[in-house]
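My entries follow the display.

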Amino acid sequence: MVVINFRELEFADGAALETFFFRGCSEEKVYKFQNRFTTLSTNLSNARAVAFEQIQKDMLIERGYVAVKEKEIAGYGWLIFSRKFQSRYTCSLGIMIADGYQRRHIGEELVRFMLRSAKQL
């Protein structure tokens, strides 16, 4: 049985997130997320730039979450919070699961973890 831990993204996750973007996800998946990660491609320097950007986010505006197997990131998720007072209880949610971890319910569990975390904010 594969043990996956779910937690918030940390600054120290930069290199593992870079590997996740560069090696863990297919070109097709990366292409689908071009609007989210405009510089992300199968180019290592672009993957590094996106990973660095993600770990630098202001936690009041956006929070990142990871599904981790040992030191490898199997999934990455994010919540983007509304900056408008009228929509202070809303956010956007997105996830990416590495190709090798598809169909193992990791995405479902990551979303549950993210929602539990958001309710505590």
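In which sense do β1 and strand β2 pair, and over how many bridges? I found β1 and β2 (residues 62-69) paired in the antiparallel sense over four bridges. Two strands count as paired if DSSP finds at least two bridges between them; strands (E, at least two residues) and helices (H or I, at least four) are DSSP runs, numbered from the N terminus. Within this pair, I noted Glu8 opposite Tyr65 in β2.

On sources: this is a predicted model, in which local features need pLDDT of at least 70, side-chain atom pairs count only at pLDDT 80 or more, and totals for chains, interfaces and linings use all residues. Residues are numbered from 1 along each chain as its sequence is written, and side-chain values use heavy atoms, with hydrogens and water left out.

I then traced the sheet: it is open, with four antiparallel strands in the order β1-β2-β3-β4. β1 (5-8) and β4 (91-97) are the edges; each has a single partner strand, so one side of each lacks a neighbour in the sheet.

Next I checked helix α1 (residues 14-24), which lies across β3 (72-81) and β4. Helix α4 (residues 106-119) lies across β1, β2, β3 and β4.

Last, I looked up Ile61, in the loop between α3 (44-55) and β2. Ile61 is partly exposed at 27% relative accessible area (buried is under 20%, exposed over 50%, partly exposed in between; 1.4 Å probe, protein chains only). The C-alpha atoms of Ile61 and Ser82 are 7.3 Å apart, at 21 residues along the chain.

Conventions: Contact means heavy atoms within 4.5 Å. Axes are lines fitted to C-alpha atoms, for helices over the stretch in contact, and angles run from 0 to 180 degrees between N-to-C directions.
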